[in-house]
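These are my notebook entries on one model, taken in the order in which I looked things up.

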Amino acid sequence: MPEKAIDSQTYIEYVKRINDSRISPPLAHIHNYGCQLNVSDGEKMKGQLMKMGFGFTDSAENADLVLFNTCAVREGAQERVLGNLGFLKHYKELNKNMIIGIGGCMTQQSQVAEKIKQSYRFVDLVFGTGSISKLPQMIYDVYNGRKCCEHTENDLSLNEGIEQVRDSAFKASVPIMYGCNNFCTYCIVPYVRGRERSRSPRLIIDEVTKLVDSGYKEIMLLGQNVNSYGNDLEDENTTFPQLLRMINDIPGEFIIRFMSSHPKDATPELIDAIIECPKAAKHLHLPVQSGSNEILDKMNRRYTVQKYLETVDYARSKISDFSFTTDIIVGFPNESNEDFEKTLDIMRTVRYDNIYSFIYSVREGTKAALIEDRTPHSEKQERMQRLLELQREISTQSYKRFEGRVLDVLVDSTGRSGEGSLTGKSNEFVIVNFSGDRSLIGNFVKVKITKAHNWALDGELVED
C-alpha cells in the first residue's frame, strides 16, 4: 500500500493499473457549477482522470465516478448541488461501485463539508479547491475502501502544472491569479478561495504561448480581480496592464479577453493597454453592482459612482462606442426605491451592451448576512423586472450602432436557425448570428451586420 509521501504521478499509475484491469474503462462525469475558474478547475480534474484511465460521459446515470465541482457565490447554486446529490443516491443504489465526489468552493466552507459528511453518507470524496492535485490519491483510497475528506488552506500552487483536458479546441481559459482581498460584504469568495495569489508572469506567458501554438484563438484570462494582478509578486514587478501587453506580443492570431475587473482598480493604464493592444478585445466587463453610493459603501466596494463613470468616460474618450457589460445586484439589504432608481440612472448613462443581474442572495459567513433586511422579496422581484425591461430597451438601441458595420467574429458553434446557421462573438463580446459552413467554427471571419436585436446581431458573411 502506498505511503503518504508518494507523489501524485505514482498514485495516477496505481489507479490506472486498477482501471486497465477492468473489462472496459470506467466512465467519469464532471459537473461544473458557477464561474469560469471552476470550469478551469474541472478541466484539470479531467486531465488527471484521463491519465488514470477513465473515459468520460455526459450522463451521471451512466458514470462510475461522478464529481460535482461546486460554487458558493449564491444560495441557489448550493441548493441545486444538494438537490442533485439526492438523485445520485438513487444511481448509487443501482451501481454499488459508483464513486461520488463533491469539491470546489462550496466544500471550502467547513460547515458545509461537515453537513455533507453527516447527511450525505453515500458521498465518497469531499475536497476543497486546493486539493485537485490529491485527486489520484483520494480515488486510490476509495478503491481501497477508505472515504476521503481533503480540506486545504487554499494552497492552489499545488494545482500548478496539472495537464488540462479542455472543453474547447479553440477557446481556453487561463487563470492568472487566485483569491480575493476585497471582502465585499455580500461575497463569500475571499473565505473560500483565500487571499490574492498571482501566478508568475513567466508561467502565464509559457501557457498562453503553447495554447496559441496549438491553434487556440481565444484566451480568457481569469481572476476574481484581475486588475490587482501582481500586487503580491515580490520578485517580479508586473502589473495587469503590463501582462496584457506581454501576452499581446506573443506571435499568432488570437484574441485576449479577461474577467473580472474591479472598478476600484480599473486605471487609465488598463484602458490604454486594452486600446493599444491589437489582440485585446475592445470590451470591459466592469461590475458596478449598484448605482447608489450609499449601497456601494455598505457593500464595501470602495469606489463611488463618480469614480466608476470616470473610467467609462476615459474609455469612451478613446473609442466612442467602447463596449461595457456589468453585474448588478438587486435588493441588497434595505436598498430603498431611491437607491434602486440610481441604479437605473447609471444604466441609462453607461448604456451597457449587456448586464448580468441577480436578486441579492444571503451568504452565511458574510457581513451582509447579519443585516436585518426590511425590504419584501416581492418588491425585489418587481425591481428586477423593471431593470430587465430597461436593459432590453438599452440593448435594442445600443446594438443598432453595429448595423451596416463589418465586425470580426470568432465562430463558436452552429446556430439555432437550422442547417447552415452559425453563431459567434464579436470583438465587443456581442453574439453574432449568420449563415455559413460549419468548417468555419473555430476561425475568425468578417460579418456585415444587417439587423440588431436586444440580445444579438444578425449578419452576412463577408467573403474574402
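How much space lies in the largest pocket? I find about 1,200 Å³ in the largest pocket, in a model that is predicted. My pocket search ran on a 1 Å grid over the protein atoms alone, where a pocket is an open set of points with protein on both sides within 12 Å along at least five of seven lines, a cavity is a set where a 1.4 Å probe fits but cannot get out, and lining residues have an atom within 4 Å of a point. Grid points are joined across faces, edges and corners, and a volume is the space filled by probe spheres set on the points.

Conventions, noted once: residues are numbered from 1 along each chain as its sequence is written, and side-chain values use heavy atoms, without hydrogens and water. Local features need pLDDT of at least 70 and side-chain atom pairs count only at pLDDT 80 or more, whereas totals for chains, interfaces and linings use all residues.

Entry on the largest pocket. I listed 43 lining residues, of which Cys 35, Val 73, Arg 74, Ser 260 and Asp 327 are the closest to the centre. Helices H2, H3 and H6 and strands S13 and S14 each give two or more residues to this lining, and H6 has the largest share, with four; helices (H or I, at least four residues) and strands (E, at least two) are DSSP runs numbered from the N terminus. By type, the lining divides into 25 nonpolar, twelve polar and six charged residues, where Ala, Val, Leu, Ile, Met, Phe, Trp, Tyr, Cys and Pro count as nonpolar, Asp, Glu, Lys and Arg as charged, and the others, Gly among them, as polar.

Entry on the second largest pocket. Its volume is about 400 Å³, and among its 18 lining residues Ile 162, Glu 163, Gln 164, Arg 166 and Glu 207 are the closest to the centre. Helix H7 (residues 201–213) gives the most to this lining, with five residues, and the lining as a whole holds six nonpolar, four polar and eight charged residues.

Entry on the cavity. I found one cavity of 30 Å³ or more, and the largest cavity holds about 70 Å³ of space. Its lining includes Met 220, Arg 257, Ala 281 and Phe 429, and S11 supplies the largest share, four residues.

Entry on the sheets. S12, S13 and S14 form, in that order, an open sheet with parallel pairing, two strands being paired if DSSP finds at least two bridges between them. Three bridges join S12 to S13, and Leu 284 stands opposite Phe 324 in S13. I also noted a closed barrel of five strands, S15-S16-S17-S19-S18, with mixed pairing.

Entry on the cysteines. How many disulfides does a search of the whole structure find? The search finds zero disulfides, a disulfide being a pair of cysteine sulfur atoms within 2.5 Å. Cys 71 is in no disulfide, and its nearest cysteine sulfur, that of Cys 35, is 6.3 Å away. The sulfur of Cys 187 has its closest cysteine sulfur in Cys 184, at 6.1 Å, which is too far for a bond. Cys 71 is buried at a relative accessible area of 9%, and Cys 187 also counts as buried, at 18%; buried means under 20% relative accessible area, exposed over 50%, and partly exposed in between (1.4 Å probe, protein chains only).
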